[in-house]
Amino acid sequence: MKTKKLRFPAMIFAAFLLLTLPLQVFAADSISAEVTTPTGWYALLTILPLIVILVLLFLKVDMIAAGLVGGVMAMIIGGISLQEANQHFLDSIPGMLSITVPIINSAVAMAVFKSGGYTSALTLVRRGIKGRVEYFAAFIVLLQAAATYMSGIGGGSAMVIAPLAFAALGAIPEVIAAMSIVSAVSFTTSPASLESGIVSKLSGIPVADYVAEMRLFTLGFVILGIAIAFWGAKRRKALFVGEESSEYAGMNNKQLFKMTIPAVFLLASVILGPMINKAIGYSLFTPLVYTMVTVGLIFLCTKFTLNKSLESMVDGSTYILTRLFSVGIFLAFINMIGQTGAFAAISSVAAEAPSAIVVPVAVLAGILVGIPAGAYVGSILTLVLPIAVTLGFSPMAFGFVAMGVGLGSQLSFVNITMQALSSGFQIPILQVVKGNGKWVGLAMVILLVLSLIFG
């Protein structure tokens, strides 16, 4: 069995060595040389590795394995030497790991998760609404959006919030769809997400500028999600189906509110901090300040000791760091494909389209790719966004494309947020996809209209 599992990677590696060594003498002198736009049959040939990668991703092949196959093909097609490939590899990984603010924000938000900040908020709201289930449903969606926006991780947020929502309300399709929508728009425009980091790295737009540009649109889709959840719970005349968690049932409201303070502070710092800094003319709410203050509040307001608070923050960085490392490797292969002129070839075709519909077409492409390959939103962006770069898209247009991929992923059987919702609400993922179809589809239509107007 082990031999069979190792056979495919071994064959790829052997082909890699045999096919690329003879090409070294024909390779360009520098990987930084300007890429020329290929034409004719060669242009089609340069695009072939991208098609192969997409097919492999659709077949649920690991993105690094898919990238390796495409990278080897690019080396053969473009005459890229081992030295050049190695330089791409060494440049791409540290480039992704240098996206420090998203890493910090994600780590701190996961510490808030572990300390019970979001669970206590749900418990407190449930007590306050006195049976008005539709308000509780709306708050669940708001909490999912806020937690995802702060951490940059939709699946991680849903893993915590979905079981709590199911225990209280059961599986309401509109609530599940709303959680999917707000997750998609939050993790693709979050100051803490891998996706925002990739947009920043590929486009050259600072994360803070990109996030600020997309904030109103993110808020608009969050309001849409809240409205869908509220309407669905009210229309179905939903009732509370479970009791409070035993851990929190014995706490009074004052104790619960105290536990939510770290989450409230972090959210306010991430969203309002830049505006406050600008208003006072001084950088008060910096990552260093709100990280240390949030950890201190976890220690003061929850049962965590200071050591446990710090450990939970460090442990919380694991998720995004491992994924940044994986995407860095994948991006190295994508850069090799870019060196052959593949993205220049695609953009030259896209540039022929009327300028008014270039952005909506790119958004639609992101949606269509996101549906089957939604497990790899970050890697999909590394395939789609280089084309947007060559076409000179605005920060807002980049955001619309990223949102399109995110929304497409919310109809994907392999997306981690979808898997978390399926598990948390204890229903088959097919049921989640079907329930999402109408409402996520509505969000997609709205996004396409927005990209046509503002893109």
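**Salt bridges, helices and core**

Reply: Glutamate 134 has a relative accessibility of 8%, and the limit for a buried residue is under 20%, so glutamate 134 counts as buried. This is a predicted model, and the values are computed from it.

Me: What is the N to O distance between lysine 234 and glutamate 134, and how many residues apart in sequence are the parts that the pair ties together?

Reply: The side chains of lysine 234 and glutamate 134 meet in a salt bridge at 3.7 Å, N to O. Lysine 234 belongs to helix α11 and glutamate 134 to helix α7 (residues 133-151), so the parts tied together are 100 residues apart in sequence.

Me: Is lysine 234 buried, partly exposed or exposed?

Reply: The relative accessible area of lysine 234 is 47%. Buried means under 20% and exposed over 50%, so a value in between gives the middle class. Lysine 234 is therefore partly exposed.

Me: Which residues are linked in a network of salt bridges?

Reply: The network consists of Arg132, Glu134 and Lys234.

Me: Which residue forms a salt bridge with arginine 235?

Reply: Arginine 235 is found in helix α11 (residues 207-235) and is partly exposed at 43% relative accessible area. Its partner lies in helix α9 (residues 173-187), so the pair ties together parts that are 61 residues apart in sequence. With the closest N and O atoms 3.1 Å apart, the residue is glutamate 174.

Me: How far apart in space are arginine 235 and glutamate 134, C-alpha to C-alpha?

Reply: In sequence, arginine 235 and glutamate 134 are 101 residues apart. Their C-alpha separation in space is 9.0 Å.

Me: How many salt bridges are there by this rule?

Reply: By the 4 Å rule, the count comes to four.

Me: How many helices and strands does the chain have, and what percentage of its residues count as buried?

Reply: The chain has 22 helices and zero strands. Of the contacts with a separation of 6 or more, 83% are between residues 24 or more positions apart. Among the 455 residues of the chain, the buried share is 53%.

Me: Why is α5 largely enclosed by the rest of the structure?

Reply: Helix α5 (residues 100-114) reaches 21 Å from its first C-alpha to its last, close to the 21 Å expected at 1.5 Å a residue. Its buried residues include Pro102, Asn105, Met110 and Phe113. α5 is largely enclosed because the number of buried residues among its 15 is eleven.

Me: Which residue with a positive phi follows α5?

Reply: The phi of this residue is near 95 degrees. The residue is glycine 116.

Me: Which residues have the most contacts inside the largest nonpolar core?

Reply: The largest nonpolar core has 134 residues. Leaving aside neighbours within four places in sequence, phenylalanine 393 is in contact with Val358, Val359, Ala362, Ala388, Phe398 and Val401. The residues with the most contacts inside the core are Tyr118, Ile140, Met179 and Phe393.

Me: Which helix gives the most to the nonpolar patch on the surface?

Reply: The patch has about 630 Å² of accessible area together, and its residues include Val361 and Phe454. Valine 361 lies in helix α18 and counts as partly exposed, because its relative accessibility is 47%. Both α18 (355-370) and α22 (429-454) supply at least two residues. With five residues, the helix that gives the most is α22.

Me: Which residues does isoleucine 47 contact, leaving aside its neighbours within four places in sequence?

Reply: Isoleucine 47 lies in helix α2 (residues 40-58). Isoleucine 47 and glycine 338 are 291 residues apart in sequence and 9.4 Å apart in space, C-alpha to C-alpha. The contacts of isoleucine 47 are Ala342, Ala345 and Ile346.

Terms used. Residues numbered from 1 in each chain as written. Predicted model: local features only at pLDDT ≥ 70, side-chain atom pairs only at ≥ 80, totals over all residues. Heavy atoms only, no water. Helix = DSSP H or I, 4+ residues; strand = E, 2+ residues; numbered from the N terminus. Buried < 20%, exposed > 50% of the residue type's maximum accessible area, 1.4 Å probe, protein only. Core = buried A, V, L, I, M, F, W, Y, C linked by side-chain atoms within 4.5 Å. Contact = heavy atoms within 4.5 Å. Expected span 1.5 Å × (residues − 1). Patch = residues over 30% accessible without salt bridge, like charges linked within 9 Å, V, L, I, M, F, W, Y side chains within 5 Å. Areas by Shrake-Rupley, 256 points an atom, 1.4 Å probe, with all protein chains shown as cover.
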